[in-house]
Amino acid sequence: MVTQKPKIVIIGAGISGLTAAKTLYTTQNSNELFELCVVEGGNRIGGRIFTLEFNGDQIEMGATWIHGIEGNPIYKIAQEINSLESEKPWECKEGKLMDKKVTITEDGYEVNSSLVKSISNFFNKMLAFSSGEGNFQDEVCKEIVESFNLENGSTKNLSTGSFLRKGLEFYWNLKKNQENVEVFDKWSRKSLEEGVFAMFENIHRHYSSAGDLGTLDFNGESQYCNFPGDELTIAKGYSSVVESLASVLPPGLIQLGRKVTKIEWQSDNCDLKFENGDGTKPVKLHFSDGSVMYADHVIVTVSLGVLKQGIHDDFAMFSPQLPSFKTQAISRLGFGVVDKLFLQLSPSTEECGYEGMNFPYLQMVFHQSDAKLFHSKIPLWIRRTAFIHPLYPKSSTLVSWFAGKEALEMETLDDEEIIDEVSTTISQFLANSKHFKNSDSAAAESCVKFSKVLKCKWGTDPLFLGSYTHIAVGSSGDDLDVLAEPLPKVRNYGKNSKNCPPLQILFAGEATHRCYYSTTHGAYLTGVREANRLLKHFQCVDI
């Protein structure tokens with residue numbers, strides 16, 4: 001009798017799934033030890049890594065940055081495949097755009113750079129303090145925390161948002177008797193400083209994926225880590241990294257258009273097995289087309305957003321349901337929506353007085369506290385973005401970022417609505433500025449024109465339902481570790497064990513890494529981790 005090889009199925013062909021597949025497939029004699037396949041619900045590989053072309057430029061719909069290059073496996077791959085250099089310009093090449101920052105209010109007044117720098121320094125000091133990278137003896141930050149009168153001084157359940165807003169009050173007190181600040185019609189010093197401060201809050205919403213910073217855990221900020229060194233974008237596109245990983249896999253190993261709708265598995269108290277005609281396997285996968293597949297081990301790499309939906313009774317992705325320790329961790333963790341919006345600047349913008357295509361890195365300041373001062377022509381969904389800028393100097397492709405409910409609203413709008421509303425908004429910012437040469441103010445107010453847009457839809461895409469993970473108030477790094485634990489949760493995996501078959505469901509992806517959550521390198525490392533967990537189980541390698 002021929003012994004049937006164990007079957008490993010990886011759900012998801014994003015970077016964690018592809019890394020796990022490559023690690024398993026390239027292990028010596030792997031084809032003699034197990035059968036392997038990757039099933040992907042979409043029509044492409046890459047997951048939340050997706051490089052496209054727009055307006056003749058290479059753009060990143062998803063992951064954009066390598067966060068630190070020293071020891072970063074993504075940087076190493078990009079370096080090995082020569083993806084870090086290109087003859088063509090690319091998004092945020094060498095950060096050159098940062099030198100052209102200009103900060104303007106919604107009614108067209110340019111804010112003094114010294115005020116912006118003062119608030120930026122204070123804001124970043126608070127973020128560094130909360131992340132554990134700053135000076136824990138910083139007296140101002142310590143006073144901010146102490147001002148909450150927390151029980152026993154504990155910062156449990158303190159949000160980053162409330163810490164930052166309290167910090168703004170301290171900033172006002174620190175600066176009230178210092179240098180004068182130039183203010184404008186309808187702006188007081190306090191409202192202008194609040195507007196600039198809110199701009200930096202919105203940047204952090206994009207960075208953290210927390211649509212509301214009041215839901216972002218203050219202590220959780222210190223769990224997050226980066227590799228040391230520079231932060232870079234990839235000249236030949238982030239998709240070149242996933243294509244490199246997939247290139248070692250044989251044709252047919254990755255099956256596209258195979259969306260898993262249910263995973264049946266054996267819990268600790270279950271002694272059933274599913275017959276597949278050739279033996280018994282403990283896991284049964286159901287697909288959207290009605291087909292099924294049987295496996296001994298399944299590595300689940302779907303997003304936290306999909307897992308959050310999957311634990312609801314209406315969807316019941318797992319049968320039996322995941323144990324409570326797992327579902328509670330999934331529920332507590334945060335998973336936000338962050339979308340990019342790409343716009344093609346119309347040539348007519350140049351014709352009506354704009355200085356060529358040398359569009360600035362525009363930082364946007366909006367009124368905050370008094371709704372009566374909100375510009376009537378600027379829609380609410382744009383009011384919580386922070387900037388818009390060219391992909392690279394003199395590019396006619398611009399990009400802006402949106403988070404939370406504003407991102408979700410943008411996803412519902414058609415292209416013409418977006419073109420009209422963003423064109424009107426940016427015109428209001430630039431009409432009175434020195435960046436326009438048109439002396440006709442009425443014409444200038446409608447002078448910025450866009451001819452084409454492309455928006456991300458990570459929040460409503462059923463394969464993702466969001467962008468990346470954050471630690472929400474009430475959760476912690478422990479929940480990330482819990483999410484990473486394989487099932488069933490049994491202690492004895494010995495050959496003579498009477499327990500349920502081990503390692504039926506394993507979990508990988510950025511949401512399962514305690515330190516590197518929300519990053520591509522975190523996703524990569526979890527793919528390696530789960531592949532090695534199985535290899536150790538098969539006694540192929542010494543881990």
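These are my notebook entries on a predicted model, taken topic by topic.

**Whole chain**

I began with the totals. The chain runs to 543 residues, and 55% of them count as buried. I counted 16 helices and 23 strands. I then looked at contacts with a separation of 6 or more, and residues 24 or more positions apart account for 76% of these.

**Helix α5**

I asked which residues of α5 are buried. In this helix, residues 139-146, they are Cys141, Ile144 and Val145. Viewed down the axis of α5, the buried residues fall within an arc of 95 degrees, so they line one face of the helix.

I next checked what the buried residues of α5 pack against, and found α4 (113-131) and α6 (160-175).

**α5 against α6**

I took the geometry of this pair. The packing angle is about 125 degrees, and the axes of α5 and α6 are 9 Å apart. Because angles over 145 degrees count as roughly antiparallel and 65 to 115 as roughly perpendicular, α5 is oblique to α6. The crossing of α5 and α6 is right-handed.

On the α5 side I listed Val140, Cys141, Glu143, Ile144 and Val145 in the contact, and on the α6 side Phe163, Lys166, Gly167, Phe170 and Leu174. By class, the residues of this contact are 7 nonpolar, 1 polar and 2 charged.

**α4 against α7**

I moved on to α4 and its packing with helix α7, residues 189-208. The angle between the two is about 45 degrees, with axes 10 Å apart. That makes α4 oblique to α7. I noted the crossing of α4 and α7 as right-handed.

From α4, the residues that meet α7 are Leu115, Val116, Ile119, Ser120, Phe123, Met126 and Leu127. Their partners in α7 are Leu192, Glu193, Val196, Phe197, Met199, Phe200, Glu201 and His204. I sorted the residues of the contact of α4 with α7 into 11 nonpolar, 2 polar and 2 charged.

**Ser16**

I looked up Ser16, which sits in helix α1 (residues 15-25). Is Ser16 buried or exposed? Its relative accessibility is 5%, so Ser16 counts as buried. I left aside neighbours within four places in sequence and listed what Ser16 is in contact with: Thr301, Ala508, Gly509, Ala523, Thr526 and Gly527.

**Backbone exceptions**

For cis peptide bonds, I noted the one joining Ser319 and Pro320, with omega about 0 degrees. Pro320 lies in the loop between β15 (318-319) and α10 (324-332). I also noted a cis bond between Leu487 and Pro488, again with omega about 0 degrees. Pro488 belongs to the loop between α15 (477-484) and β23 (505-507).

Ala316 is in the loop between α9 (304-310) and β15. At 25% relative accessibility, Ala316 counts as partly exposed. I recorded Ser518 as well, with a positive phi near 80 degrees. I placed Ser518 in the loop between β23 and α16 (520-537). Its relative accessibility is 22%, so Ser518 counts as partly exposed.

Terms used. Residues numbered from 1 in each chain as written. Predicted model: local features only at pLDDT ≥ 70, side-chain atom pairs only at ≥ 80, totals over all residues. Heavy atoms only, no water. Buried < 20%, exposed > 50% of the residue type's maximum accessible area, 1.4 Å probe, protein only. Helix = DSSP H or I, 4+ residues; strand = E, 2+ residues; numbered from the N terminus. Arc of directions from axis to C-beta. Contact = heavy atoms within 4.5 Å. Axes fitted to C-alpha atoms, helices over the stretch in contact; angles between N-to-C directions. Parallel < 35°, antiparallel > 145°, perpendicular 65-115°, else oblique. Left-handed = near helix turned anticlockwise from the far one by under 90°. Nonpolar A, V, L, I, M, F, W, Y, C, P; charged D, E, K, R; others polar.
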